[in-house]
Amino acid sequence: MKKTALILIDYQMDYFAGGRMELVNPLPATERAARLRALFHTNHWPVFYLQHISLRRDASFFLPETDGTAIHPLLQPAATDVILTKHYPNSFRETGLRKLLAEHDIKNLVICGMMSHMCVDATVRAAFDDNFSCRLIHDACATRNIIFGERTISAADVHGAFMAALGAVYAEVMTTEKYLQSL
């Protein structure tokens with residue numbers, strides 16, 4: 001497990017009940033992410049949080065200085081964790097993440113987060129392009145229903161399509177349980 005880091009993407013309050021961009025079933029995904037984080041903490045392996053703060057003029061969520069940007073209470077960072085602010089879906093863009101991973105000689109990433117079809121997708125693809133080996137923990141991710149044309153695509157279908165695409169080339173896609181059993 002040396003040279004492996006856990007990447008936790010956007011487990012923020014706007015994605016939960018009452019938030020500005022509520023996802024479908026974010027709590028079970030967060031509970032699974034908390035299990036992964038506990039494993040990494042117990043073993044003193046590095047944990048990196050990505051926290052989205054939107055700077056877009058037309059943004060409707062993750063607005064600066066709002067409660068919606070707070071990290072969910074189930075995943076409150078420890079003093080040893082690194083928290084990086086991001087302004088784009090790709091967790092590597094203008095965050096310093098790439099530099100920090102290089103400084104720690106990290107080559108393997110365990111990735112989970114929100115939303116499956118946006119920030120998780122962008123981050124996994126960027127990590128792969130930077131030659132990281134990626135394990136994507138799909139049941140520790142969540143997304144929402146989206147609209148394409150006049151059709152509503154269910155969160156389950158959105159999530160499944162993106163996980164299938166990422167699993168074809170970019171990452172080894174697995175459940176939390178399968179990951180834990182692989183250690």
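Predicted model: local features only at pLDDT ≥ 70, side-chain atom pairs only at ≥ 80, totals over all residues.
Visitor: Why is Thr 176 called buried?

Guide: Thr 176 has a relative accessible area of 1%. The word buried applies under 20%, so Thr 176 is buried. This residue belongs to helix α5, which covers residues 176-181. Leaving aside neighbours within four places in sequence, Thr 176 is in contact with Arg 32, Arg 35, Leu 36, Ile 137, Asp 139 and Ala 140.

Visitor: What makes Glu 65 count as exposed?

Guide: The relative accessibility of Glu 65 is 83%. Exposed means over 50%, and Glu 65 therefore counts as exposed. Its place is in the loop between β2 and β3. The C-alpha atom of Glu 65 is separated by 8.7 Å from that of Ile 53, and the two residues are 12 apart along the chain.

Visitor: What is noted about phi of Glu 65?

Guide: Phi of Glu 65 is near 60 degrees, which is a positive value in a residue other than glycine. Phi of Glu 94 is likewise positive, near 60 degrees, and Glu 94 is not glycine.

Visitor: Is Glu 94 buried or exposed, and how do you know?

Guide: Glu 94 has a relative accessible area of 60%. The label exposed begins over 50%, so Glu 94 is exposed. Glu 94 is placed in the loop between β3 and α2.

Visitor: Is Ile 71 buried or exposed, and where is this residue found?

Guide: Ile 71 is found in the loop between β2 and β3. Its relative accessibility is 11%. Buried means under 20%, so Ile 71 counts as buried.

Visitor: Which residues is Ile 71 in contact with, leaving aside neighbours within four places in sequence?

Guide: They are Tyr 11, Gln 12, Tyr 49, Gln 51, Gln 76 and Pro 77.

Visitor: Why is Ile 153 called buried?

Guide: Ile 153 has a relative accessible area of 16%. The limit is under 20%, and Ile 153 is therefore buried. Ile 153 lies in strand β7, residues 151-153. Apart from neighbours within four places in sequence, Ile 153 is in contact with Asn 145, Ile 146, Phe 148 and Val 158. The C-alpha atoms of Ile 153 and Asp 139, 14 residues apart along the chain, are separated by 19 Å.

Visitor: How many disulfides does a search of the whole structure find?

Guide: The search finds zero disulfides.

Visitor: How do you know whether Cys 119 and Cys 134 are buried or exposed?

Guide: The relative accessible area of Cys 119 is 4%, and that of Cys 134 is 5%. Buried means under 20%, so Cys 119 is buried and Cys 134 is buried.

Visitor: Which residues touch the most other members of the largest nonpolar core?

Guide: Of the 53 residues in this core, they are Leu 8, Tyr 15, Leu 101, Leu 109, Ile 111, Cys 112 and Leu 136. Elements that give two or more residues to the core include β1 (4-9), α1 (26-42) and β4 (108-113). The largest share, six residues, comes from α1.

Visitor: Which residues does Leu 8 touch?

Guide: Not counting residues up to four places away in sequence, Leu 8 touches Ala 33, Arg 37, Val 47, Phe 48, Tyr 49, Leu 50, Leu 75 and Cys 112.

Visitor: How much space lies in the largest pocket, and which residues are closest to its centre?

Guide: The largest pocket holds about 290 Å³ of space. Of its 18 lining residues, His 52, Arg 56, Phe 61, Pro 89 and Met 118 are the closest to the centre. By class, the lining has 11 nonpolar, five polar and two charged residues.

Note on methods:
Residues numbered from 1 in each chain as written. Heavy atoms only, no water. Core = buried A, V, L, I, M, F, W, Y, C linked by side-chain atoms within 4.5 Å. Buried < 20%, exposed > 50% of the residue type's maximum accessible area, 1.4 Å probe, protein only. Helix = DSSP H or I, 4+ residues; strand = E, 2+ residues; numbered from the N terminus. Contact = heavy atoms within 4.5 Å. 1 Å grid on protein atoms, 1.4 Å probe; cavity = no way out; pocket = protein on both sides within 12 Å on 5 of 7 lines; lining within 4 Å. Points joined across faces, edges and corners; volume = space filled by probe spheres on them. Nonpolar A, V, L, I, M, F, W, Y, C, P; charged D, E, K, R; others polar. Disulfide = S-S within 2.5 Å.
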